[in-house]
Amino acid sequence: QVQLVESGGGLVQAGGSLRLSCAASGRTFSTYTMGWFRQAPGKEREFVAAISWRGGSTYYADSVKGRFTISRDNAKKTVYLQMNSLKPEDTAVYYCAADPRLGGWDGARNRAPDGYDYWGQGTQVTVSS
């Protein structure tokens with residue numbers, strides 16, 4: 001079983017920055033593809049970013065490319081999402097997710113919520129204009 005706990009959300013003005021963290025349990029964290037998703041009120045959960053199990057490959061939604069950076073520290077069993085140049089449209093609950101399947105990143109699977117087996121409880125990010 002894997003447990004994920006997000007932290008680092010909050011209220012920030014447009015143009016500001018936040019760093020989200022996701023602490024994971026489980027001995028095989030280092031083999032998981034990890035992702036961040038977000039869900040705004042009345043909208044579906046959407047892909048934000050993902051990182052391969054070694055951290056050598058990262059993937060981003062077009063809406064955050066160049067502003068957000070995903071990274072991981074396998075020794076600390078933690079994945080991060082550095083968010084810069086935040087916009088009001090980035091306001092959402094942000095979720096960390098883990099895909100334990102062998103084989104690593106799959107572009108079709110890992111850009112969708114169904115591609116992940118484990119989820120955190122979410123952390124609220126609010127960007128004021």
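**Exercise 1. Describe the order and pairing of the open sheet of four strands, and find which strands stand at its edges.**

Solution. Step 1: the four strands of the open sheet follow the order S1-S3-S8-S7, and their pairing is antiparallel. The model is predicted: local features need pLDDT of at least 70, side-chain atom pairs count only at pLDDT 80 or more, and totals for chains, interfaces and linings use all residues. Residues are numbered from 1 along each chain as its sequence is written, and side-chain values use heavy atoms, with hydrogens and water left out.

Step 1: Strands (E, at least two residues) and helices (H or I, at least four residues) are DSSP runs, numbered from the N terminus. Two strands pair if DSSP finds at least two bridges between them. Strands of a sheet pair through backbone hydrogen bonds, either parallel or antiparallel.

Step 2: look at the ends of the order. Strand S1 (4-7) and strand S7 (68-73) each have a single partner strand, so one side of each is left without a neighbour in the sheet.

Step 3: on average, neighbouring strands of this sheet are turned by 15° against each other, direction ignored. Here axes are lines fitted to C-alpha atoms, for helices over the stretch in contact, and angles run from 0 to 180 degrees between N-to-C directions.

Step 4: take one pair. Six bridges join S7 to strand S8 (residues 78-83) in the antiparallel sense, and Phe68 stands opposite Met83 in S8.

**Exercise 2. Find which cysteines form a disulfide, and state its handedness.**

Solution. Step 1: a disulfide is a pair of cysteine sulfur atoms within 2.5 Å. Searching the whole structure gives one disulfide.

Step 1: its members are Cys22 and Cys96, with sulfur atoms 2.1 Å apart.

Step 2: the torsion about the S-S bond of Cys22 and Cys96 is about -75°, so the disulfide is left-handed.

Step 3: Cys22 is in strand S3 (residues 18-24) and Cys96 in strand S9 (residues 92-99), 74 residues apart, so distant parts of the chain are linked.

Step 4: check the burial (buried is under 20% relative accessible area, exposed over 50%, partly exposed in between, with a 1.4 Å probe and protein chains only). Cys22 has 0% relative accessibility and counts as buried; Cys96, at 0%, also counts as buried.

**Exercise 3. Trace the partners of strand S5 and state how many of its residues are buried.**

Solution. Step 1: strand S5 (residues 46-51) has five of its six residues buried, so the rest of the structure largely encloses it.

Step 1: S5 pairs with strand S4 (residues 33-39) over five bridges in the antiparallel sense. Arg38 has Glu46 in S5 as its bridge partner. The hairpin of S4 and S5 has six residues between the strands, and Gly42 takes a positive phi near 80° there.

Step 2: S5 also runs antiparallel to strand S6 (residues 58-60), joined by three bridges. Ala50 has Tyr59 in S6 as its bridge partner. In the hairpin of S5 and S6, again with six residues between the strands, Gly55 takes a positive phi near 85°.

**Exercise 4. Classify the ring pairs Phe37 with Phe47 and Tyr95 with Trp119.**

Solution. Step 1: rings of Phe, Tyr and Trp (its six-membered ring) pair if their centres lie within 6.5 Å; planes under 30 degrees apart count as stacked, over 60 as edge-to-face and the rest as tilted. The whole structure holds eight aromatic pairs.

Step 1: Phe37 and Phe47 have ring centres 5.7 Å apart and planes at 75°, so the pair is edge-to-face. Phe37 lies in strand S4 and Phe47 in strand S5, so parts ten residues apart in sequence are tied together. Phe37 is buried at 0% relative accessibility, and Phe47 is buried at 9%.

Step 2: Tyr95 and Trp119 have ring centres 6.4 Å apart and planes at 75°, so this pair is edge-to-face. Tyr95 in strand S9 and Trp119 in strand S10 (residues 118-119) are 24 residues apart. Tyr95 counts as buried at 14%, whereas Trp119 is partly exposed at 26%.

Step 3: Phe37, Phe47, Tyr59, Tyr95, Trp105, Tyr116 and Trp119 form one aromatic cluster.
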